[in-house]
Amino acid sequence: MVLAVGAMASAGLLGAGGPVRAVWARAVRPRTVLLASPRSLCAGVERAIEVVETLLERYSGTDRAVFVRKQIVHNTHVVRDLESRGAVFVDELDEVPDGAVVVFSAHGVSPAVREEAARRGLEVVDATCPLVTKVHAEARRFAARRDTVVLVGHAGHEEVEGTLGEAPQATVLVQSPGDVAALRVPDPGRVSYLTQTTLALDETAEVITALKKRFPGIRGPGSDDICYATTNRQHAVQAVAARADVALVVGSGNSSNSVRLVELARRGGTPAYLIDDATGIRPEWVRDADVVGLSAGASAPQALVDEVIVALGGLGPVTVREHTTVTETVAFGLPAAVRSQ
Ligand code: 10D
Ligand code: SF4
């Protein structure tokens with residue numbers, strides 16, 4: 001795709017006063033924006049957003065609120081938009097009144113959270129991505145055969161908390177080859193591994209290599225836990241970053257997959273920055289760039305990417321080229337609780 005965007009007097013960017021205006025003025029030049037494809041929403045995020053939207057519609061005009069436990073996906077714009085349409089985001093279930101409707105976020109929950117919801121009589125609609133659910137099922141299966149389950153992932157991340165909760169006594173979390181070296185397990189002949197779905201492919205391969213060296217009989221999942229969307233966005237950002245002077249990734253700071261895209265571009269030698277939206281662009285990042293690589297994490301809507309292109313158009317004529325590494329066709333059906341009625 002090639003699309004010419006003319007220079008635009010973007011009030012937000014060029015209208016600032018004094019020194020700021022001088023910096024932006026020096027940045028005016030023609031540019032190519034190399035758009036990574038695939039980028040932006042994955043099938044799991046689209047499904048999770050649609051779950052909340054459908055429920056908001058279903059209960060609009062009634063006295064039933066739609067509660068969502070945690071951010072439905074890790075994007076401030078998505079959350080703010082749903083909030084403005086009536087969704088009530090809470091951190092924990094004790095903030096949800098008995099019997100109310102509550103959505104579990106795309107990152108999944110531990111069995112303990114499900115049990116609490118059942119005890120409280122909450123009407124649960126589960127927006128967990130099916131590919132996260134697959135990892136949970138593996139955790140249960142591996143623990144049931146009495147293996148120590150080594151989960152590769154980031155401590156404190158909601159997806160990791162949920163997966164750890166499937167078999168807390170049997171599961172250990174590792175984040176690096178160093179953690180693997182320090183592992184102590186009851187029986188080195190009975191070990192399995194799983195991973196978070198949004199990890200960097202290259203870093204995870206190193207951890208898995210270390211695990212296989214340490215536990216030669218270790219068994220892993222039947223198919224990769226790092227999901228198709230994470231994989232495809234990483235390959236695409238690598239391709240555009242290699243051809244760009246700077247790379248911008250649209251996504252929020254707590255979005256694991258978005259942060260991984262920035263790190264990956266940087267590891268390839270291209271300066272790269274994470275921005276929540278166009279207002280996050282700093283002129284000095286793009287001032288000397290002829291080619292700006294642009295991508296977005298799996299939770300960042302395309303509209304935010306469009307706004308970045310418009311903002312860059314405020315700094316001189318922009319030619320947009322899309323660089324496609326693979327075409328995605330994955331789509332997930334809605335949960336039964338949302339499909340029916
Ligand atoms: O932080 P993250 O990359 O896991 O989540 P985000 O909401 O940004 O993107 C969607 C990924 C999910 C729900 C994990 F599978
Ligand atoms: Fe599902 Fe992958 Fe999207 Fe996460 S990033 S919601 S696992 S498709």
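Strands (E, at least two residues) and helices (H or I, at least four) are DSSP runs numbered from the N terminus, and two strands pair if DSSP finds at least two bridges between them. The model is predicted, so that local features need pLDDT of at least 70 and side-chain atom pairs count only at pLDDT 80 or more, while totals for chains, interfaces and linings use all residues. Residues are numbered from 1 along each chain as its sequence is written, chains are lettered from A and ligands numbered from 1 in the order in which they are written, and side-chain values use heavy atoms, with hydrogens and water left out.

**Exercise 1.** Work out the strand order of the open sheet of four strands, and explain why one side of E4 and of E6 has no neighbour in the sheet.

*Solution.* Begin with the order, which is E4-E3-E5-E6 with parallel pairing. Strands E4 (88–90) and E6 (123–126) stand at the edges and have a single partner strand each, which is why one side of each is left without a neighbour in the sheet. From one strand to the next the twist averages 30°, where axes are lines fitted to C-alpha atoms, for helices over the stretch in contact, and angles run from 0 to 180 degrees between N-to-C directions.

**Exercise 2.** Find which strands helix H5 lies across.

*Solution.* Helix H5 (residues 111–119) lies across E3, strand E5 (101–104) and E6, and runs at about 170° to E5.

**Exercise 3.** Locate two backbone features, at Pro38 and at Lys70.

*Solution.* Most residues other than glycine have a negative phi, and most peptide bonds are trans. The peptide bond from Ser37 to Pro38, however, is cis, with omega near 5°, and Pro38 has its place in the loop between strand E2 (31–37) and helix H3 (43–59). Lys70, although not a glycine, has a positive phi of about 70°, and lies in the loop between E3 and helix H4 (76–84).

**Exercise 4.** List the contacts of His323, leaving aside its neighbours within four places in sequence.

*Solution.* First place His323, which is found in strand E13 (residues 318–324). Contact means heavy atoms within 4.5 Å, and on this basis His323 is in contact with Leu34, Leu35, Ala36, Ser37, Ala239, Val240 and Arg243. As for Leu264, 59 residues apart from His323 along the chain, the C-alpha atoms of the two are separated by 17 Å.
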